[in-house]
Every structure is written in C-alpha cells, then in structure tokens.
Amino acid sequence: MRKSLTLVATGVAAALALSACGGSDASSESVDSLDPANPVTLTVGASPLPHAQILQYVADNLAADAGLELEIKEFDDYVTPNIALDDGSLDANYYQHLPYFESQVESQGYDFEHGAGVHVEPYAVFSEKHEDISAVGDGARVAITNDPSNQARALTLLEEAGLLENVEDDASVLALTDEQNPRGLDFVENQPELLVNDLSDPTVDLAILNGNYILAAGLSTDDALLVESVEENPYANFLAWKTGNKDARIDKLEELLHSPEVSSFIEETWPNGDVTAAF
C-alpha cells in the first residue's frame, strides 16, 4: 500500500459538539412521548466516523418528523464516551461493540444497557512495506491495539492469514506461546487511535486498525492486506445508555438507527463494505 497518511488528531473532542438540528431550547430531560410540534433534545456521544456521520443523517432526515432533536458530541478516543455517559454529560453513546462494552462494564463498574447492533466496521491489516501478506517474513513487527477486547480480534485475523496458530477467544500478545506464534512475530502495542501513525514507522511491517480510524485516516479496506469478514460478525456497534435512563427519546433513536433509510444510507455511503449495516 503506497497511500500516504495524514496524522489524525487524537484526544477528546467533546468540546467540538455538533448541533444536529440547531438552536433548540428543548430540554434533555427524560420524556414519556414525543411530539413533532415540540421536539426534545437527546445528547449522544459518538466517534466522528462513521458513527457521528450516521447520526447526522438521522438528524437531517428522520429525527425532526419524529419529534426528536439530536445533539451530537464527537470523541476521538474509546474511553471518554463511557465516562461522559456515566457522569450524565451524555444521554447515550454510539461507538462501541459488545466485547468492548462488556469489558468496560466489568472493569469500570458501569451500569449501562445497550440496543441492537447498527453496523459493523471490519478490522483490517495494512502495510506500507508489503504488498501481499505472503511477503511478511519471520520476526515481522506488528503494531496492535492495547485494548484487550480488540486484541484477540486482531490476533484471530492474523491466524486466518496463517501467521499465528490456535488463537483462543481471550488471547493476548503477552500470553502467546511459541507454538501459537511459530513465526516469531514481534508485537508492539499502542492505543487504537495511534496505530495509524505506526503504519508509517519504517520498522513496522503490519498495523492492525479499527474501522473508524481507517475511515478517519482516509484509508479504505480496499488497500488492506487482510480484512475481517462481516458475516456473523460479533463486533456490531450499538447505542448505549445508563440503566434506567431509557425513555421515548432513546426508543425513537434506536428505531431510527435500524430503519430502512439508515441501512440504505450506510450501503450508499460505503459501498465497498468499510461500514456494513448489521440489521
């Protein structure tokens, strides 16, 4: 892959909130029903791509007729949106999949619920040194996420390419045995939002990237050496909210996110499958 990369700005972008419908005085308090004549606000945190883009489509095309106004707050990392949901800064967030959600609930003690999967962003392996996975030699250096819920996912992708063997569901780079890593791959862990920078490191042979950061870097899975299958994929992203805080606003957004219009928008916007509807 010879495509040049632009460094993606990282860090929390919560201050860069997008007002999806603009200027409403509507309250963000819980409601029992919605009235299109008096729209109410729902504040949702999301990764910029594709999540905020999908939410913006809903805001521009579907929400007003349903009596809903979306305030979309963008975050560039995976940790802060759940912190903001927990402290009440958000009514809901839309950026995470079930394994990550469950690991965060367990490790941080969050009391959250979630909806059905909306879309899948396939994980993918990129390289600026190799044009085919078969060219990757023994001892190759692999940049991989330090997020445990996605690390096993990345290792499984390498197993499917024949670079690892007998990867277990809870696998991690630190626990890999010589038998599982017969090629002696050298793993370097990094925060998921920084892995795109590792791709341009001349010492790195492969970088395994999350779908949203692939999009943010202007890359495409068309340029990847390996791409995760979306068939029966357990990593669909969904809407999440605090337990007991679900009301008519969240019910409606959950409905709209699973509408035929959103499915068509996803298919038309990412026809190559960089993002795939999960419903």
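Good morning. A residue is called buried when its relative accessible area is under 20%, and exposed when that area is over 50%. With these terms in hand, I shall discuss two elements of this structure, which is a predicted model.

I begin with helix 8, residues 260–269. Which residues of this helix are buried? They are Val262, Ser263, Phe265 and Ile266. These four lie on the same side of helix 8, because they cover an arc of only 160 degrees around the axis. The face turned away from that buried side carries Pro260, Glu267 and Glu268, which are exposed. Against what do the buried residues of helix 8 pack? Their partners are helix 1 (48–63), strand 6 (119–120), helix 7 (248–257) and strand 13 (276–277).

I turn now to strand 8, residues 141–145. Four of its five residues are buried, so the strand is largely enclosed by the rest of the structure. Strand 8 pairs with strand 9, residues 186–190, in the parallel sense, and five bridges join the two. Strand 8 also pairs with strand 10, residues 206–209, again in the parallel sense, over two bridges.

In strand 9, its bridge partner is phenylalanine 187; in strand 10, the bridge partner of valine 142 is leucine 206.

Finally, how is the β-α-β unit made up? Strand 8, helix 4 (residues 148–160) and strand 9 form this unit, and it is right-handed.

Definitions and conventions:
Residues numbered from 1 in each chain as written. Predicted model: local features only at pLDDT ≥ 70, side-chain atom pairs only at ≥ 80, totals over all residues. Heavy atoms only, no water. Buried < 20%, exposed > 50% of the residue type's maximum accessible area, 1.4 Å probe, protein only. Pairing = 2+ DSSP bridges. Right-handed = clockwise from strand over helix to strand, strands pointing away. Arc of directions from axis to C-beta. Contact = heavy atoms within 4.5 Å.
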